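The following exercises treat the architecture of a two-chain model. Each task is followed by a solution in steps.

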Amino acid sequence: MNILYVDDLSVSIAGRKLLSNINLAVNVGEVVCIIGPNGAGKTTLLRTISQDLTPDNGSIIFNHRLLFEMPPQVRARHIAVLTQHNPLGFAFTGLEVVALGRTPHSTGVAIDTEICHAAMAALDVTHLTERLYPSLSGGEQQRIQLARVLAQIWRADDAQARLLLLDEPVTSLDIGHQYQLMQAVRAFAKSGVAVVMTVHDMTLAGAFADRLIALKQGACIAEGDPQQVLTEALINDVFATKVTVINHPQTGKPVVLGANTL
Amino acid sequence: MSQPCKRFAPRLAWLALLLLLLLSFMAAVAFGSVDLSITQVLGALTGQPLEGYGAAIVQSIRLPRALLAAVVGAILAISGAYLQGLFRNPLADPSLIGVTAGASVGASLAIVFGAAGLGFVSGLSLVSLGAFAGGLLAVWLVYKVSSSVNGTSVATMLLMGIAVSALAASLTGLMDYFADNEMLRRLSLWRMGGLDGADYWRASMAAAILVIMLLSMAGFSRGLNTLLLGESQARHLGIDVERLKTRLIILVAAGVGVSVAMAGSIAFVGLVVPHMVRLWVGPDHRLLLPLSALGGASLLLLADTAARVVVAPTELPVGLVTAILGAPFFISLLRSRRDTLR
């Protein structure tokens, strides 16, 4: 069942065309990764879906409704967004930041606290419950913020149709936590959530995504499962570089190796 | 930097601040150029006849003054907390970013052009309205210039405060230049007036605004908490950010406006009190706002008591006392945050 339809979407800011004629359909339980070089429009696409930007034309349909017609508070119960930058200088504890994710719901403190602890456990940040957010490292802050976003749409009881939008969630994470985070997102998708995310690391995207979308200069130039999209020819074209793609010895998924400069 | 946070239990903080407010209120009524005992104060407050002028001193001088000080202190502290949430920045304060100066200009304009022909109460209302308009213009201007998607730049915010204050000073100067004798006299009378002009009318007009602020507080807390995460983050959590910001700006202008009209410019209360409360109980607005109100009321009561006692039988302007406390506090805040200033 498709939960999100993006139809012929075009976006421009200050006269510059950032996205042209994007089409996208996302299923419940599916993880879609958007890849592409810097400035290709990955973040613009996510920000348009999350209603931070208004498209020139095209429509976004979520759960059989035009997204911009949904009132903000209703939307917040269905759609959670992790933006790229999350500056927060005030001394909330880790748990308090995660609990802010429950703002759109009125499910009561007991249920909210339970959900927050579950979301924090999923992202391995339980030990940061009592720590002050500004004193955490960049990676720890990132995982707390993701726990907040997961807590926002944690239960199917609060909203059946759920969509998770993540903009570069693994930046500033070490390799162990990168995989752990992607696994948590994967498991979260399986619980009945559609996920659209941007990722820089193509190997990581290939390992965890059901489908990849490659953007170049605001246009979608390839879409399909990782094996179809992560080919040397396509990556060399999109990123204007020379890469080697091999298959992972254990999983068989594509692994992208950088240009050989020797 | 990995210490677990040490905070006061909320109930303890409530209790401590309520007690502090009670004690500082008693002190404000008891101390002054004539010191009264606790039994005398309690007697006067409950309307029993006292020997000498005790009852008159309490009922017609000290009680309205203490009430006004408490109300204005609470308003300023809440306004400070609102501004800091709005700017996502703990260094915002009505006096530092020029809201107080803007309100003063508005009040002066009202005095020069309107309030003369009116009676006492409607004159006061007009002055408050002028101060509200001036404060609204100032806070809106500073917010427009200094805020962006990534929060507010401290530097731009403080520089805008300087610019707005300078503009306000020049407008006030112009008014002095063009005013005739009668108006000059009224202007300077108003400027000299601080809490010493307190009466029940002023106290109740300020209290009306305080009641509005207190009633609106609960509705703002959740929105303000999410706003600290960032504007688009708050929007993604279902908050109508534009409406929240508009209401905050109007409330702050009303609060600062009425406090400037009734008690003159009093600096730093809005900076010091929310900051201390945040250190105790954390930044959650559901606690921060009511506790700041209690703390602000106590601080201004104590400052005013000090202002009346140290040079008795005359007195210092209370704004002087809060500035002596607040300016070093602000400097130390700046120093401790200089690495993180953007």
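**Exercise 1. The nonpolar core**

How many residues does the largest nonpolar core have, and which residues have the most contacts inside it?

Solution. The model is a predicted one. Its largest nonpolar core has 197 residues. Those with the most contacts inside this core are A:A119 and A:V195, together with B:L68, B:V71, B:V72, B:I75 and B:A206. Helix α3 (residues 54-86) of chain B gives the most to the core, with 19 residues. For B:V71, once neighbours within four places in sequence are left aside, the contacts are B:A203, B:A206, B:A207 and B:L210.

**Exercise 2. The fold of chain B**

Describe the make-up of chain B, and explain why chain B counts as compact.

Solution. Begin with secondary structure: chain B has 13 helices and two strands. Next, compare its radius of gyration, 20 Å, with the value from the globule rule for 342 residues; that value is also close to 20 Å, so chain B is as compact as a globular protein of that length. The C-alpha atoms fill a box of roughly 65 × 55 × 35 Å along the principal axes. As to burial, 52% of the 342 residues count as buried. Finally, consider the contacts in chain B with a separation of 6 or more: 77% of them join residues 24 or more positions apart.

**Exercise 3. The open sheet of chain A**

Determine the strand order of the six-stranded sheet in chain A, and explain why its edge strands each have a side without a neighbour.

Solution. The order is β6-β7-β8-β3-β9-β10, in an open sheet with mixed pairing. The edges are β6 (79-82) and β10 (219-224); each has a single partner strand, so one side of each is left without a neighbour in the sheet. From one strand to the next, the twist averages 15°. Within the sheet, β3 (residues 31-35) and β8 (residues 193-198) of chain A pair in the parallel sense over four bridges. A:C33 has A:M197 as its bridge partner in β8(A). Across β6 and β7 (162-167) of chain A lies helix α5 (residues 138-152) of chain A, which runs at about 175° to β6(A).

**Exercise 4. Individual residues of chain A**

Solution. A:N21 lies in strand β2 (residues 16-27) of chain A, whereas A:Q217 lies in the loop between β9 and β10 of chain A. Phi of A:N21 is near 50°, a positive value, and phi of A:Q217 is likewise positive, near 50°. Most residues other than glycine have a negative phi.

Is A:D210 buried or partly exposed?

Solution. A:D210 has 16 C-beta neighbours inside 10 Å and therefore counts as partly exposed. A:D210 is placed in the loop between α7 (202-208) and β9 (211-216) of chain A. Not counting residues up to four places away in sequence, A:D210 touches A:E30, A:V31, A:V32 and A:D225.

Definitions and conventions: Residues are numbered from 1 along each chain as its sequence is written. Chains are lettered from A and ligands numbered from 1 in the order in which they are written. This is a predicted model: local features need pLDDT of at least 70, side-chain atom pairs count only at pLDDT 80 or more; totals for chains, interfaces and linings use all residues. The radius of gyration is taken over C-alpha atoms; the globule rule is 2.2 Å times the number of residues to the power 0.38. A residue is buried if 20 or more other C-beta atoms lie within 10 Å of its own, exposed if 12 or fewer, and partly exposed in between; C-beta atoms are placed from the backbone. Two residues are in contact if their C-beta atoms, placed from the backbone, lie within 7 Å. A nonpolar core is a set of buried Ala, Val, Leu, Ile, Met, Phe, Trp, Tyr and Cys residues joined through C-beta atoms within 7 Å. Two strands pair if DSSP finds at least two bridges between them. Axes are lines fitted to C-alpha atoms, for helices over the stretch in contact, and angles run from 0 to 180 degrees between N-to-C directions.
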